[in-house]
Amino acid sequence: MLQAQLWERHLLDLATQALDSDTTAHPNAQHETGELEFAYQQCEDITREHSKTFYMASSLLPLPKRRATQALYAFCRVSDDIVDRPTGSPAEALESWRSQVVNGAQAHAENLAEQAVRMAWADARRGFGIPRGYVEQLSRGFALPSLTDWQRTVLTRALRFVGYPYVWTGVSE
């Protein structure tokens, strides 16, 4: 029998904890069909613009999975863009975005694309029963805004070398 590594046990523990969280994404959110279609179209556009390969690969999925996958990609893209903004406090902006996405908090000055991504991602989470804990873990993965891309790459490689393969998902905390 294979023995699980310490980091593997930690990942399994995180996954188990997340499974125990609720799966409801914005339980009071009711959207018109046209709004939701627009939201998913925004996610598709973001995916097509920022990752042509991912866009092509996701286009092979059946429509419900394709839409959910593109909503997930758009959520990650918007989160990363928030971290990379040159003005304001990226940490505060990211926490506000995370609160909107995870808790359904009211948006203050959200742009139309972010609102659409939040709506589509909430619908995808609801439709596929994605536990809130997974979304929280994923959103914590964007919380290192002060590192440059080069620093993040070097740090990731170093931590993976010593046995922490999933640094940005909260595993090394």
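1. A salt bridge is taken here as a side-chain nitrogen of Lys or Arg within 4 Å of a carboxyl oxygen of Asp or Glu. By this criterion the structure contains eight salt bridges. The model is predicted: local features need pLDDT of at least 70, side-chain atom pairs count only at pLDDT 80 or more, and totals for chains, interfaces and linings use all residues. Residues are numbered from 1 along each chain as its sequence is written, and side-chain values use heavy atoms, with hydrogens and water left out.

2. In helix α4 (residues 63-83), Asp81 and Arg77 stand four residues apart, about one turn of the helix; helices (H or I, at least four residues) are DSSP runs, numbered from the N terminus. Their side chains form a salt bridge with an N to O distance of 3.0 Å. Asp81 is partly exposed at 32% relative accessibility, where partly exposed lies between buried (under 20% relative accessible area) and exposed (over 50%), computed with a 1.4 Å probe on protein chains only.

3. Helix α7 (residues 132-140) holds Arg132 and Glu136, four residues apart, about one turn of the helix. The closest N and O atoms of this salt bridge between Arg132 and Glu136 are 3.0 Å apart. Arg132 is partly exposed, with a relative accessible area of 23%, and Glu136 is partly exposed at 26%.

4. A network is also present: salt bridges with shared partners join Glu44, Asp45 and Arg48. Within it, Asp45 pairs with Arg48 at 3.2 Å between the closest N and O atoms. Both residues belong to helix α2 (residues 33-50), three residues apart. Asp45 is partly exposed at 27%, as is Arg48 at 34%.

Key
Helices (H or I, at least four residues) and strands (E, at least two) are DSSP runs, numbered from the N terminus.
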